[in-house]
Amino acid sequence: MNTQKKSTQKKRRFNLYAMVWRTPIIVWQLLFFVGPLLFMIAMSFFLVKNYRMIEAFEMKNWIKMFSKNYFWDSYYLTFGLASLSTIIATVIAFPASFALAFKVSDNVRRWVIFLLIIPFFTSYLVRIFSWYVILAESGVINAMLSYVGLGPYTMLNTMFGTLVGYMTLCLPLVVILQTFSLANVDKNLIQAAKNLGCSPIKTIYSVIIPLAKTGLIVAALFCFILSFGDFVSPYYLGGSKPPTLPILIIDTTKSGQQWPRAAVVAVVMMATLITIAFAALALAYKKRASR
Amino acid sequence: MKESNTLKWFLWIYIGLIFVFIFSPIIFSMIFSFNSARFPTIPLESFTWHWYETIWNDSDVWQAAKTSVIVSSCTAVIATALGFATAYSDFRYNFRFKGPYLALVLLPPTIPLIILALAMLAWFSKIGTSGQIYSIVIAHSVMTAPFAMAIIRLRLNQIDENLEAAAWNLGASEWRAMKEVILPFCKPAIVSSLCLTAAVSFDEFAVAWFVSGLNKTIPVMIMEIVTGNIDPRVNAIGTFVFITSMTLVIIAQIFFMTRPKEASAQ
Amino acid sequence: MSNPQSEPLVELESVVKRFDDFVAVKSMDLTIGKGEFVAIMGPSGCGKTTTLRMLAGLEQPTEGEIRIGGELMNDVPPHDRDTPMVWQSLALFPFLNARENVEFGLKMRKVPAAERKKRALEWLDRLGIGEFAERNVATLSGGQRQRVALARSLVTEPKLLLLDEPLSALDAHLVIRMQSVLTKLQRELGITFVYVTHSQSEAFAMADRVVIMSQGEIAQIGSSRDIYREPANRFVAEFVGRNNIISGKVVKVTKGKAEVIAASGTYVVEAGDLLEGQETTFVISADLVQITREATKSENSVQCSLISEEFIGSVVTLFLEAADGTEFKVQLQERELSTLDHGAGDEFYLSWPAKSAHIIDGA
């Protein structure tokens with residue numbers, strides 16, 4: 001079909017009909033997606049004088065940010081938290097995804113995935129606020145623990161709080177993506193491994209995980225991107241001390257009017273994410289290609 | 001087989017716990033929205049409509065709700081229109097640079113919201129469109145068009161590849177075939193896409209907060225309430241937001257599940 | 001060769017169709033007359049569907065000219081042609097009911113709603129599915145859907161109907177029924193049918209003329225009988241599949257007869273233009289071969305042992321093997337077979353008169 005389409009395509013040099021459908025998104029995305037991102041990169045070289053931005057090309061903001069200890073503290077903290085979140089989400093999600101991929105009927109899986117999609121469309125902010133009151137010193141969890149004589153434990157304004165928030169954000173997505181990649185593993189290969197005398201655990205390690213590797217890594221990558229860029233959890237549940245990079249962006253933009261410096265942080269975040277994404281995808285597709 | 005049974009139970013309980021984790025904030029928020037206590041915890045105090053009455057009588061909430069409805073419905077229409085055009089282009093044509101084209105369309109969801117927010121704020125200020133309701137609409141449309149595109153593209157995957165040609169063959173021009181065949185065929189996906197993009201826009205706060213100026217949407221308002229104090233009004237607004245989004249998602253799901261029946265009839 | 005009896009409706013002149021570096025149709029010349037039923041047949045990928053799509057305007061020829069009713073059609077878009085098509089997948093509009101599907105072409109031609117409805121219902125009635133007019137097409141059976149598709153294409157009363165393997169999705173018994181529906185309609189309407197199929201039985205049963213295509217070229221055009229009895233080349237002889245194909249060397253030409261030595265024996269054929277010493281290939285239809293227990297005095301006779309038999313309806317095909325391993329096929333009626341006491345491995349004599357052999361040139 002595609003070759004047929006192509007040949008029709010060549011005949012008419014300008015096809016108004018085709019262009020009407022193809023062009024709007026190009027214009028739109030260039031104007032409102034690529035434009036803003038490029039401008040943000042440019043902005044990181046601008047200067048601010050008397051609370052006014054001056055278009056320039058100076059390294060000042062970069063030098064300033066890179067020489068500050070708090071920037072690097074934020075960077076390492078954000079990177080560390082996002083990595084931790086990725087590892088935890090991957091590990092927690094795997095048994096559930098495994099069960100959904102192999103132990104339930106297609107129908108059940110469809111329903112569970114539908115339920116897992118719901119949180120994407122419910123207010124993340126309200127859910128985090130809800131965690132805030134659940135995890136508080138006199139909140140639901142501590143109140144329950146006090147009945148059995150435990151606690152109270154401090155969960156808010158800790159790394160634990162931040163991670164609970166990250167999990168709220170990432171876990172459903174990681175479970176869904178892992179389930180899809182596991183469900184696509186050829187069941188015959190698993191059976192073959194079993195017939196060859198592989199123990200269940202060994203089958204998981206040496207057959208299922210390598211086969212589902214791409215999907216598992218993509219799931220982890222999404223978790224990293226989401227956690228790395230989230231400001232709500234570290235702010236409301238983690239107490240933002242020290243602030244993560246997204247909080248740094250907000251503080252710099254909203255209070256100081258230092259947009260160029262915020263842009264530096266944002267560009268550094270983008271660069272980090274692009275590097276991580278390429279590394280992850282290279283890892284995900286490495287063996288596949290050589291097979 | 002005893003062993004595998006235990007394993008099965010273990011896995012089900014495990015999945016159950018994950019669901020408890022995912023849904024407990026939603027459920028607690030709903031419960032506390034009817035609880036009279038100023039600080040929401042257990043044991044629960046008495047049942048009350050107080051928080052709902054408070055927000056009902058709050059003109060700021062109404063103003064924000066109005067903004068939210070305008071933003072999310074405009075976003076839904078723009079994102080779905082863009083998504084449809086793109087999905088159709090991808091379905092119908094092969095062309096050079098199709099890879100970069102699709103990347104350009106599908107990339108926005110992979111950019112952290114906070115970065116998009118800053119970039120859009122700066123860009124809109126530069127081109128003089130910041131702080132308006134339509135600034136939020138533009139930003140949200142960029143973010144949600146990929147979802148619209150994906151939903152409609154999946155629907156087009158199910159089309160009989162000759163259906164459009166059959167319409168031309170019976171005397172319909174390309175434009176007419178679009179109106180008489182492609183659009184009706186995609187209608188369920190279009191409704192679905194309208195609902196989902198509206199739901200995403202209705203909940204989005206980061207970008208809206210940056211570019212909205214004085215035009216607060218509901219989530220931005222929630223954020224301002226939440227910052228610094230615990231106010232059970234949030235639970236009431238939150239429950240209202242949940243129900244709105246959920247309704248949209250369920251409608252979307254119902255339409256999305258509509259499959260062409262012809263396959264089963266053959 | 002094989003000019004249409006009536007004045008031409010469709011003319012293809014040196015038509016070539018290339019997709020990038022793949023040549024789907026190589027220089028095709030074909031004329032189809034008014035009111036003719038032409039079947040285009042060939043294995044998949046032979047260019048038959050591409051040819052049909054070019055007639056419908058869904059593909060433009062890379063070279064050559066296509067004329068319909070004398071008008072050059074090369075650059076006429078599909079919707080400006082009157083060449084409705086019945087699709088292999090039927091391509092019914094799933095969101096319209098049966099009547100609305102049929103009305104589609106009329107609606108595009110701006111026929112007023114009331115008249116549209118009347119004509120659609122007439123056609124549905126004519127095809128015997130009037131009672132399903134308001135039904136969702138998805139709820140109809142395969143045969144009913146087929147009729148909706150036919151009605152949809154015919155309601156605009158075209159001069160030319162294109163059919164792309166329309167019966168391939170139907171059960172065998174429905175295929176026979178639809179074949180008679182189609183031939184009857186074609187005769188009653190007097191319009192031209194161009195029917196693409198890979199099924200010989202469909203093509204031979206319905207078409208006035210059959211076009212056999214192979215690798216983008218026309219291998220033979222002729223009536224069913226021509227193609228069956230006088231295949232133009234080895235490809236057609238093999239494609240038709242009921243032929244014994246024998247290759248050998250002409251050793252003697254006398255009195256209009258030629259003697260040919262092949263691996264399985266020496267045969268006599270009508271000499272025609274054959275010359276002594278020439279390599280040649282000839283075919284004998286399986287149903288023209290006589291099978292007997294005893295040797296006969298026929299001009300051609302070969303001893304074979306029976307390998308297997310295959311029943312299709314009341315027709316039996318016997319597969320036999322000569323001493324050198326050459327395979328022979330014999331086709332006879334089931335009741336003829338019953339008079340012949342037989343079992344696998346039994347020895348028989350096959351015989352045929354010289355005039356039954358048809359020589360394929362350039363083998």
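Reading along the sequence, chain B goes α-α-α-α-α-α-α-α-α-α-α-α. That gives a secondary structure of 12 helices and zero strands. Keep in mind that this is a predicted model.

**Chain B on its own**
- The C-alpha trace of chain B spans about 70 × 70 × 30 Å along its principal axes.
- Of the 266 residues in chain B, 50% are buried.
- If you look at contacts in chain B between residues at least 6 apart in sequence, 79% of them join residues at least 24 apart.

**Where chain B meets chain C**
- Chain B puts 20 residues into this contact, and chain C puts in 21.
- On the chain B side, the elements giving two or more residues are α7 (163-169), α8 (174-203) and α12 (262-265).
- The top contributor there is α7(B), with five residues.
- Sorted by class, the chain B side has 11 nonpolar, five polar and four charged residues.

- Helix α6 of chain A (residues 124-135) packs against helix α10 of chain B (residues 218-226) at an angle of about 25 degrees, and their axes are 9 Å apart.
- Because of that angle, α6(A) counts as roughly parallel to α10(B).
- The crossing of α6(A) past α10(B) is left-handed.
- From α6(A), the contact uses L125(A), V126(A) and F129(A); from α10(B), it uses P219(B), I222(B), M223(B) and V226(B).
- By class, the residues in this contact of α6(A) with α10(B) come out as seven nonpolar, no polar and no charged.

**P172 in chain A**
- P172(A) sits in helix α8 of chain A, which covers residues 159-183.
- P172(A) counts as buried because it has 23 C-beta neighbours inside 10 Å, and the cut-off for buried is 20 or more.
- Leaving out residues up to four places away in sequence, P172(A) touches L116(A), P119(A) and F120(A), plus I22(B) from chain B.
- P172(A) and K187(A) are 15 residues apart in sequence, and their C-alpha atoms are 24 Å apart in space.

**The five-stranded sheet in chain C**
- Five strands of chain C form an open sheet in the order β15-β19-β16-β17-β18, with antiparallel pairing.
- The edges are β15 (290-292) and β18 (327-333) of chain C; each has a single partner strand, so one side of each has no neighbour in the sheet.
- From one strand to the next, the twist averages 45 degrees.
- Strand β17(C), residues 315-322, runs antiparallel to β18(C), and seven bridges join the two.
- L320(C) stands opposite F328(C), a residue of β18(C).

**Strand β14 in chain C and its partners**
- Strand β14(C) covers residues 279-285, and five of its seven residues are buried, so the rest of the structure largely encloses it.
- Strand β11(C), residues 243-254, is joined to β14(C) by seven bridges, and the two run antiparallel.
- Opposite K249(C) you'll find E279(C) of β14(C).
- Strand β20(C), residues 358-360, also runs antiparallel to β14(C), with three bridges joining them.
- F282(C) has I359(C) as its bridge partner in β20(C).

Terms used. Residues are numbered from 1 along each chain as its sequence is written. Chains are lettered from A and ligands numbered from 1 in the order in which they are written. This is a predicted model: local features need pLDDT of at least 70, side-chain atom pairs count only at pLDDT 80 or more; totals for chains, interfaces and linings use all residues. Two strands pair if DSSP finds at least two bridges between them. Helices (H or I, at least four residues) and strands (E, at least two) are DSSP runs, numbered from the N terminus. Axes are lines fitted to C-alpha atoms, for helices over the stretch in contact, and angles run from 0 to 180 degrees between N-to-C directions. Angles under 35 degrees count as roughly parallel, over 145 as roughly antiparallel, 65 to 115 as roughly perpendicular and the rest as oblique. A crossing is left-handed if the near helix is turned anticlockwise from the far one by less than a right angle, and right-handed if clockwise. Two residues are in contact if their C-beta atoms, placed from the backbone, lie within 7 Å. Ala, Val, Leu, Ile, Met, Phe, Trp, Tyr, Cys and Pro count as nonpolar, Asp, Glu, Lys and Arg as charged, and the others, Gly among them, as polar. A residue is buried if 20 or more other C-beta atoms lie within 10 Å of its own, exposed if 12 or fewer, and partly exposed in between; C-beta atoms are placed from the backbone.
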